[in-house]
Amino acid sequence: MSVAICVLGPTGRMGQQVLAVAAEQPDVRVGSAADRPGSDAVGAEVAPGVVATADLSAALAAAEVYVDFTTPEGTAAAARAAAEHGTAAVVGTTGLDAAAEDALVALAERAPVLVAPNFSPGVNLMLALSETAARALGPGFDLEVAEIHHRHKRDAPSGTALAVGEALARGRGVDFSKARVSSRDGDVGARTGDEIGVLALRGGGVVGEHTAYFFGAGERIEITHRAESRAIFARGAVRAASWLAGKAPGRYHMRDVLGL
Ligand code: NAD
């Protein structure tokens with residue numbers, strides 16, 4: 001039996017990709033779609049026989065798993081509505097605020113929840129490699145992260161850059177919230193050994209590029225991932241939705257889906 005998914009923001013950049021991937025995958029089918037009231041998507045047929053609705057609750061009730069690439073407000077609203085129905089959540093929205101995080105924590109008591117700042121298998125491997133490299137190289141190496149995204153991206157640094165920073169911090173054995181230095185400007189002084197710098201560039205149509213830097217005395221290692229198509233995120237999200245259906249309530253990660 002295929003898993004019925006609800007696609008939020010079906011006419012968004014990612015929503016369209018999710019619909020395209022779902023149409024090709026035999027293990028999932030689009031059961032419903034929802035967008036915010038007033039969106040042009042509402043009333044449109046976004047998949048064969050599926051008309052997007054502004055009634056979030058009804059759309060979530062019609063699916064086992066919903067796939068959310070929207071906005072932090074959209075994520076909070078969907079998680080609250082999903083808790084009424086026990087609908088499983090695959091969330092790719094980035095820049096989540098406390099309200100969205102709290103709603104997802106509450107939903108995870110009722111349903112399986114998987115939040116990933118990046119659904120690409122390559123990036124998830126990069127996270128594992130970055131942690132291993134930071135641990136292996138030790139404190140003699142300075143750790144930095146840089147990311148580049150298209151001009152429309154709203155949040156900065158990207159959720160993935162922060163995830164790379166977290167991975168580096170885990171490998172180094174430091175607290176990322178204390179080690180993180182976002183960009184640098186002015187007389188900021190010499191870099192300390194434990195800090196992890198994070199730099200964001202924006203422009204053009206860049207789908208997503210992330211580099212973890214390991215600067216040693218006399219050598220430098222870089223681990224770079226370049227996304228060339230949004231389809232990689234949609235494929236990962238649809239794979240996660242299929243994997244998540246029927247799991248016990250709680251929080252899951254892409255590394256669980258990929259077996260990393
Ligand atoms: P977009 O602006 O093209 O699409 C967002 C869609 O969400 C729009 O169609 C909008 O109408 C809809 N929406 C807004 N509020 C809603 C609500 N309350 N309910 C339902 N739908 C609602 O944006 P995008 O480029 O598709 O990106 C969306 C999010 O996904 C961003 O946060 C982006 O950073 C993130 N993203 C994550 C990954 C990943 O792998 N995790 C990959 C790409 C993008």
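This passage describes the ligand site of a predicted model and then a set of individual residues and backbone features. The model is predicted, so that local features are taken only at pLDDT of at least 70 and side-chain atom pairs only at pLDDT 80 or more, whereas totals for chains, interfaces and linings use all residues. Residues are numbered from 1 along each chain as its sequence is written, and side-chain values use heavy atoms, with hydrogens and water left out.

The ligand is surrounded by 20 residues, of which Arg-13, Met-14, Asp-35, Thr-94 and Phe-119 are the closest; a residue is counted as near a molecule if one of its heavy atoms lies within 4 Å of it. By class, this shell comprises seven nonpolar, nine polar and four charged residues, where Ala, Val, Leu, Ile, Met, Phe, Trp, Tyr, Cys and Pro count as nonpolar, Asp, Glu, Lys and Arg as charged, and the others, Gly among them, as polar. The ligand sits in the largest pocket. A pocket is defined on a 1 Å grid over the protein atoms alone, as an open set of points with protein on both sides within 12 Å along at least five of seven lines, and a molecule sits in a pocket if more than half of its atoms lie within 2 Å of its grid points.

A backbone N or O atom of Arg-13 lies 2.8 Å from a ligand oxygen, one of Phe-119 lies 2.9 Å from a ligand oxygen, and one of Gly-12 lies 3.3 Å from a ligand oxygen. Taken alone, the ligand exposes 870 Å², and the protein buries 82% of that area, as computed by the Shrake-Rupley method with a 1.4 Å probe.

Strand 8 (residues 142–149) contains Glu-144, and His-149 is found in strand 8 as well; strands are DSSP runs of E with at least two residues, and helices are runs of H or I with at least four, numbered from the N terminus. Glu-144 is buried at a relative accessible area of 13%, and His-149 is buried at 8%, the term buried denoting under 20% relative accessible area, exposed over 50%, and partly exposed the range in between (1.4 Å probe, protein chains only). The side chains of Glu-144 and Arg-184 are joined by a polar contact of 2.7 Å, and those of His-149 and Glu-147 by one of 2.8 Å. A polar contact is a pair of N or O atoms within 3.5 Å; within protein, one must be able to donate a hydrogen and the other to accept it, and residues adjacent in sequence count only if both atoms are side-chain atoms.

Gly-216, in the loop between strand 11 (208–215) and strand 12 (220–227), is partly exposed at 21% relative accessibility. Gly-216 and Leu-137 are 79 residues apart in sequence and 8.6 Å apart in space, C-alpha to C-alpha. Ala-200, in strand 10 (residues 196–202), is partly exposed at 34%; Ala-200 and Asp-256 are separated by 56 residues in sequence and by 28 Å between their C-alpha atoms.

Two backbone features remain to be described. Most residues other than glycine have a negative phi, and most peptide bonds are trans. The peptide bond from Ala-156 to Pro-157 is cis, with omega near -10 degrees, and Pro-157 lies in the loop between strand 8 and helix 6 (159–172). Ser-183, although not a glycine, has a positive phi of about 55 degrees; Ser-183 is found in the loop between strand 9 (180–182) and strand 10 and is partly exposed, with a relative accessible area of 38%.

How values were computed. 1 Å grid on protein atoms, 1.4 Å probe; cavity = no way out; pocket = protein on both sides within 12 Å on 5 of 7 lines; lining within 4 Å.
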